Amino acid sequence: MTNSRKPRAAAGNRGRNGELPGQVVLVLQGGGALGAYQVGVYQAMHEAGIEPDWVIGTSIGAINASLIAGNSPEHRLDRLNAFWDLMQASTPTTRIPDWMGLGNMVSNMATVMRGIPDFFTPNLHALRGSAAPLGVEAASYYSTAPLRGTLQSLVDFEYLCQCHTRMTVGAVNACSGEMRYFDTSREPLGVDHVMASGALPPAFPAVRIDGQPYWDGGIYSNTPIEAVLDDKPRRDAVIFAVNVWHQTAPEPGSIWEVMARHKDIQFASRADSHIARQKQIHRLRHVIRELHKQIPAAKQANPKVRELASWGCGTTMHVVHLVAPRVEGEDHTKDIDFTPTGIRTRRQAGYADTLRMIGRTPWEQAAADPIEGVIEHR
């Protein structure tokens, strides 16, 4: 079925910072418990009167995106709070003492062993062994059946498909290995699309959509900003790019630090290189536009010239980078740190970072070079 509804502009985006130049896009990485930082980011935006026109996410970013786009603005924070309260409901209220430098991992082992009742629970079929032929929809260490019920209770999927706020979630086809972005501006989305975007193997099972099995889009590209920058028709935008993994870090000196660094690199997904490439592409589009202006008016009507000129544009994309800080004592198990302390610390950091960024109003800055189409703010 084709969705004929077009994305609607968010209500105003005229908070205390005045009019923003273009659509507001919120881009959310995957990262499990690290997604608490994203809740703080949205809370700060919401309180500043800045509602996204488009939310795009992968994995936990897709879940947060559905809680935002799948509810009216006055209910979004309540739904986000409800979800994250459920995530920490059964975790320890305090950290276990850091014996032998393994405190965080010991604390997080409860999640590994028991799961989170409203998110995922151990898959007993996995006890048959890793070589047991369970089928792609059951070949996992956990079942995400609880997540389905949680999302259905907190996300208004009918409201979501009306595209008041556009939502896009990324998932990778388990057979073809190709990334696919499911988008409410093109088709109705439901709970399966959100769950597919968060189906990280081998922990979670694949989710079948249109007969095809899909896994977490983060194993292909955990930073889905390219879907925004490649969108057509192109529009001016302020893009809040929320990163919960660190692309750069000091040299690791222990096996423990190497494991953490490996995961950061894996899921940071070359965010900087993606943007660098897009800056080149958008600069070329602006160059094409300027060259077209130099062609005599009589020739501009030529169909071939018009077709070539269509590759140009004059849009400006402000990319506002928000990067979650490292939390003291975190290690390679940080993405399953659903403890109240971990969630609260990361959420507060997202809130504070975003308030500071909004206070700067960096999107009011013009590019030093008018040919530039992508302007970064860090």
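Predicted model: local features only at pLDDT ≥ 70, side-chain atom pairs only at ≥ 80, totals over all residues.
Let's start with helix α9, which runs over residues 255–268. It has 14 residues and reaches 20 Å from its first C-alpha to its last, close to the 20 Å expected at 1.5 Å a residue. Which of its residues are buried? They are A260, R261, K263, D264, F267 and A268. Looking down the axis of α9, you'll see these buried residues fall within an arc of 160°, so they line one face of the helix. On the other side, I255 and H262 are exposed. The cover over the buried residues of α9 includes α10, residues 271–293. Just after α9 comes R270, with a positive phi of about 55°.

Now keep an eye on F267, because its ring leads us to the next topic: it pairs with W245, and the ring centres are 5.3 Å apart with the planes at 35°, so the pair is tilted. W245 sits in the loop between β9 and α9, while F267 is in α9 itself, so the pair ties together parts 22 residues apart in sequence. W245 is buried, at a relative accessible area of 3%, and F267 is buried too, at 12%.

In total, the structure holds 12 aromatic pairs. Another one is F120 with Y142, an edge-to-face pair at 4.9 Å centre to centre and 70° between the planes. Both F120 and Y142 are buried. They also belong to a cluster linked by ring pairs, together with F83, W84, F119, F204 and F338.

Last stop, charges over rings. R166 lies over the face of W54, 3.7 Å from the ring centre. The charged end of K232 sits over the ring of W311, 5.9 Å from its centre.

Key. Residues numbered from 1 in each chain as written. Heavy atoms only, no water. Helix = DSSP H or I, 4+ residues; strand = E, 2+ residues; numbered from the N terminus. Expected span 1.5 Å × (residues − 1). Buried < 20%, exposed > 50% of the residue type's maximum accessible area, 1.4 Å probe, protein only. Arc of directions from axis to C-beta. Contact = heavy atoms within 4.5 Å. Phe/Tyr/Trp six-rings, centres within 6.5 Å; stacked < 30°, edge-to-face > 60°. Lys NZ or Arg CZ within 6 Å of the ring centre and 35° of its normal.
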